[in-house]
Amino acid sequence: MSLRIRSQTPDASGVVLDITPQSAGWRHVGFRVVRLMPGQAYDGVEEGREACLVILSGTISVTGGHERFTGIGGRADVFEGPATSVYVPAGMPYRIAADSIAEIAICTAPAMGKGRLRLIPPEDVALETRGQGTNTRFVRNILDDRAEAESLLVVEVITPGGHWSSYPPHKHDRDAYPDETFLEETYYHRLSPPQGFAFQRVYTDDRSIDEAIAVEDGDVVMVPRGYHPVGAAHGYDLYYLNVMAGPRRNWVFANDPAHAWITRPPVTDD
């Protein structure tokens, strides 16, 4: 099975992408994208799974339990600024109602329903700059491993055109905490301008997985294991939304030893 999944024309409920643990052949991460027209609604419930509703673009209202968040979101596209998101505990029915044309990512992972429905506004998203030079990228931590959740880790990343990201190549496919954690991962890619492209390689030490993937606007790359660097073509800024989950909710990675030197400080003469 290819690690690349393309967006499709919306179905009757607005779904353009739907990756389940069953379709992916793994256990933890689920990822769905819904595109709604003004006045259209999407009803969902994730049995045994928590959800993070990330508003990719547009304005929506979300109802869950006895609470309703009205007129949330509003960004024109994913490059405008941090997302507004809604955390939905496992088993809680929810409704997304579109106030404008809107796109919403529904990120899911196994959970027991211990959390509470809550809004995650842009001002609560921790911003981080990683790397230097053409390895610089800009990170928006929606649900990091310190946030309130049971399994989910959710993050947005902006990689300027001509830059590399998830680099040097790193992996998180061993359940060996505190040295490394096992986390399945999806990358949902968007490009500006949208006719652009980027490249992502997914490979393991033994090369049992070794795919170089040309990604276009709206593509998902699945990372069941292995290293997974990304390069954005000159002239085209790259956005990706990462969803990670595994048996332990910590993000601890290991760099590819062949490329770990990239992170070492330069040697200077005294």
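A pocket is an open set of grid points at which a 1.4 Å probe fits, with protein on both sides within 12 Å along at least five of seven lines. In this predicted model, the largest pocket holds about 590 Å³ of space. Its lining comprises 35 residues, of which R130, R137, H170, W251 and F253 are the closest to the centre. Two or more lining residues come from each of strand 12 (126–130), strand 13 (137–143), strand 14 (153–159), strand 19 (184–192) and strand 24 (237–245). By residue class, the lining of the largest pocket consists of 16 nonpolar, eleven polar and eight charged residues.

Two of the strands that contribute to this lining, strand 12 and strand 13, are also partners in a hairpin. They run antiparallel and are joined by five bridges. Within this pairing, A126 lies opposite N141 of strand 13. Six residues separate the two strands of the hairpin, and G131 adopts a positive phi near 80 degrees.

Elsewhere in the model, six strands form an open sheet in the order 2-3-10-5-8-11, and their pairing is antiparallel. Strand 2 (15–19) and strand 11 (118–120) each have a single partner strand and stand at the edges, so one side of each is left without a neighbour in the sheet. From one strand to the next, the twist averages 20 degrees.

Residues 30–36 form strand 3 and residues 102–110 form strand 10, and seven bridges connect the two in the antiparallel sense. V34 has I104, in strand 10, as its bridge partner.

Technical notes
Residues are numbered from 1 along each chain as its sequence is written. This is a predicted model: local features need pLDDT of at least 70, side-chain atom pairs count only at pLDDT 80 or more; totals for chains, interfaces and linings use all residues. Side-chain values use heavy atoms; hydrogens and water are left out. Two strands pair if DSSP finds at least two bridges between them. Helices (H or I, at least four residues) and strands (E, at least two) are DSSP runs, numbered from the N terminus. Axes are lines fitted to C-alpha atoms, for helices over the stretch in contact, and angles run from 0 to 180 degrees between N-to-C directions. On a 1 Å grid over the protein atoms alone, a cavity is a set of points where a 1.4 Å probe fits but cannot get out, and a pocket is an open set with protein on both sides within 12 Å along at least five of seven lines; lining residues have an atom within 4 Å of a point. Grid points are joined across faces, edges and corners, and a volume is the space filled by probe spheres set on the points. Ala, Val, Leu, Ile, Met, Phe, Trp, Tyr, Cys and Pro count as nonpolar, Asp, Glu, Lys and Arg as charged, and the others, Gly among them, as polar.
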